[in-house]
Amino acid sequence: MALAMLIIYWGFSLFSARAKAVKPGTYIEVSLPSDISESPYMYVQDWEIQRQTDFFSVLDAIEYAATDKKVAGLILDMDSLSLPAQQIGELRVSVEKFKESGKKVYAAGDGADASSYRAALLADKIVMTPSQAASFSIPGYYASYPYYKTFFDKAGIKCSVLSTGEYKTYGETYERDAMSEGMRQQVSTLLESRYASLVEDIASSRNIEKERVVQMIDSGELSFISPVEAREKGLIDETMHYERFLRTLSKKDGEKPPLRDISEYAALPNVSKSKASGKDSIAIIFAEGSIYMDDVNPSIIRKESVITPDVICGQLESATDDEDIKGIVIRVNSPGGSALASEIIYDAIGRAREKKPVYVSMGPVAASGGYYISCQADRIFAGRETLTGSIGVVSVIPTFEGIYEKLGVNVERLQRGKYSGTLDLSKGLSADEEALLQKSIENVYAEFKQRVSSGRNMDMEKLEGYAQGRVWTGDKAVEIGLADEVGNLGDAIEAMAKKTGLGSSDVTLVESGKKSMTMARVLRDNIARAQLEHLQIAGPIEDILIECQKLLEIREEPLMLMPYELD
């Protein structure tokens with residue numbers, strides 16, 4: 001009974017918030033957490049779960065607000081703007097469109113780091129809390145990766161990592177004590193690229209010489225300072241408590257202006273986009289998350305999205321068969337995953353291309369398996385700071401022979417067939433077994449390169465220089481021919497509109513055909529979170545348990561996975 005009342009109350013509250021009219025002079029507060037999804041849906045087994053807010057509905061709402069006479073301006077919440085670099089670029093496009101209306105954009109908050117500050121630089125004015133307890137810190141960029149070999153040796157776990165190419169370094173943290181030169185070179189190059197973009201943004205937005213910005217960051221002058229110091233250095237415009245700042249925006253002395261959260265605003269019927277039935281349109285398909293063969297998401301408690309052939313191929317088939325749909329744009333935001341699942345999706349895109357044009361827009365990451373499914377498109381749009389490429393294959397085979405020995409467990413084996421026990425967790429790989437598996441992933445790698453060569457019309461010898469697991473930023477990918485154009489989802493849609501003779505607003509989201517569920521996700525997440533809090537597992541122990549879980553998830557097939565994260 002209590003659960004039923006909770007559902008009714010939650011549904012009523014959400015409906016009431018969404019239905020409430022916007023008052024004249026309203027300011028829209030824009031909060032964008034780092035884990036905001038690009039796709040409006042999450043797929044779990046036989047359910048299609050609608051999210052409360054997604055990234056592109058927020059961008060659409062910002063652009064709509066430019067034309068809404070009741071909206072006076074935007075306030076970017078600096079305490080909730082930790083977006084990936086590529087998404088900051090897409091936010092910039094929408095904010096600039098909003099500014100064209102003549103309305104003001106403000107950024108306000110208690111704290112700023114490199115990510116949130118880059119987003120705040122889009123505003124006409126940056127305001128922060130005037131307290132020593134508030135923090136402004138731009139120390140640069142930093143990446144750390146735990147290496148587990150010594151721990152695994154002590155625990156009795158051994159990992160055999162088989163890979164293709166010097167830069168296909170996924171899994172090295174399991175079998176090495178220290179970073180390989182290939183990994184170090186790649187991550188350093190990408191961090192330098194991020195750093196250069198940060199410096200450019202600060203210099204151009206705050207009218208400060210690049211050399212001065214570099215000097216301040218490298219010397220630590222911008223690390224853990226107060227907003228007052230940031231204002232003195234010209235990095236923000238004003239220091240003021242948020243409630244006082246709001247009162248400066250109101251036309252009535254001493255009163256705050258009407259405020260509306262962007263999530264609520266985006267959900268209003270006149271703001272959210274919908275497609276009229278029977279109208280020619282461009283289909284949008286979101287491919288977000290790691291790639292798995294099925295939709296039993298092993299990371300469900302961590303609320304991660306997944307890409308599966310079942311969902312994506314179904315959406316492609318639906319869009320291809322729909323005569324009203326004239327072209328398909330796929331938004332890919334994925335570090336990769338299952339090689340087989342990637343191949344199946346690749347083939348489905350190829351079948352769709354036989355009937356209609358298919359374009360791909362790359363999100364923050366479209367690497368390895370994410371690039372595999374992208375390279376079949378007629379045109380590929382990559383963000384300037386998209387991470388892509390990583391053309392290579394890896395297999396990680398954990399064995400637990402040492403654990404059995406430590407526990408005093410004797411495993412008796414009976415075998416018929418030379419390689420019938422290859423994937424037995426209780427023993428290590430023999431030299432012959434390792435060679436057999438290495439040959440298998442080399443064959444998958446050759447197939448990967450053939451797919452890219454065909455899709456990008458690139459000579460295999462030339463492609464090899466760009467492959468071997470090497471990760472590229474989006475602008476570099478365009479330069480070497482792995483993508484066609486630097487651009488975002490809006491650019492891909494606009495190009496498809498020109499291709500098909502439609503308007504860029506003639507778009508429709510392709511549904512999966514699965515059963516729809518909206519409140520179940522909220523309830524499931526709350527239950528999962530309560531379970532984790534009860535266990536009180538956090539920090540390094542939680543990280544190790546997650547890594548062990550990953551090892552069991554990935555052990556039985558070749559993988560196409562991005563080897564590291566930056567954002």
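This is a predicted model: local features need pLDDT of at least 70, side-chain atom pairs count only at pLDDT 80 or more; totals for chains, interfaces and linings use all residues.

Colleague: Let's start with Glu 38. Where is Glu 38 found?

Modeller: Glu 38 sits in the loop that connects strand E1 (26–30) and strand E2 (41–44).

Colleague: And is Glu 38 buried or exposed?

Modeller: Buried, because its relative accessibility is 1%, and the cut-off for buried is under 20%.

Colleague: What does the side chain of Glu 38 make a polar contact with?

Modeller: With the side chain of Gln 87, at 3.1 Å. Leaving out residues up to four places away in sequence, Glu 38 also touches a list of others, including Phe 55, Phe 286, Arg 331 and Pro 364.

Colleague: OK, on to the sheet. What's the strand order?

Modeller: The sheet is open and has six strands, ordered E10-E7-E5-E4-E1-E11 with parallel pairing. At the edges are strand E10 (238–239) and strand E11 (259–261), each of which pairs on one side only.

Colleague: How many bridges join E1 to E11?

Modeller: Three, and the two strands run parallel. Looking across to E11, you'll find Arg 260 standing opposite Ile 28.

Colleague: Which strands does helix H3 touch where it packs on the sheet?

Modeller: Helix H3 (residues 85–99) touches strand E4 (71–77) and strand E5 (104–109), and its direction makes about 130° with that of E5.

Colleague: Changing topic: how many salt bridges does a search of the whole structure find?

Modeller: The count is 30. One of them is between the side chains of Glu 243 and Lys 256, at 3.2 Å from N to O.

Colleague: What does that pair tie together?

Modeller: Parts that are 13 residues apart in sequence, because Glu 243 lies in helix H10 (residues 242–249) while Lys 256 is in the loop between H10 and E11. Glu 243 is partly exposed at 38% relative accessibility, and Lys 256 is partly exposed at 38% too.

Colleague: And Arg 413, what does Arg 413 form a salt bridge with?

Modeller: Asp 424, with the closest N and O atoms 3.3 Å apart. Arg 413 and Asp 424 are 11 residues apart, and each is in the loop between helix H15 (401–407) and helix H16 (431–456). Arg 413 has a relative accessible area of 40%, so it counts as partly exposed; Asp 424 is partly exposed at 25%.

Colleague: How about Glu 479 and Lys 476, where do they both lie?

Modeller: In helix H18 (residues 474–480), three residues apart, which is about one turn of the helix. Glu 479 is exposed, at 61% relative accessible area, whereas Lys 476 is partly exposed at 40%.

Colleague: Which residues are linked in a network of salt bridges?

Modeller: Arg 92, Arg 118, Arg 194, Asp 201, Arg 384 and Glu 385.

Colleague: Last one: how far apart are the C-alpha atoms of Ser 205 and Leu 122?

Modeller: They're separated by 7.8 Å, although the two residues are 83 residues apart along the chain.

How values were computed:
Residues are numbered from 1 along each chain as its sequence is written. Side-chain values use heavy atoms; hydrogens and water are left out. Helices (H or I, at least four residues) and strands (E, at least two) are DSSP runs, numbered from the N terminus. Buried means under 20% relative accessible area, exposed over 50%, partly exposed in between (1.4 Å probe, protein chains only). A polar contact is a pair of N or O atoms within 3.5 Å; within protein, one must be able to donate a hydrogen and the other to accept it, and residues adjacent in sequence count only if both atoms are side-chain atoms. Contact means heavy atoms within 4.5 Å. Two strands pair if DSSP finds at least two bridges between them. Axes are lines fitted to C-alpha atoms, for helices over the stretch in contact, and angles run from 0 to 180 degrees between N-to-C directions. A salt bridge is a side-chain nitrogen of Lys or Arg within 4 Å of a carboxyl oxygen of Asp or Glu.
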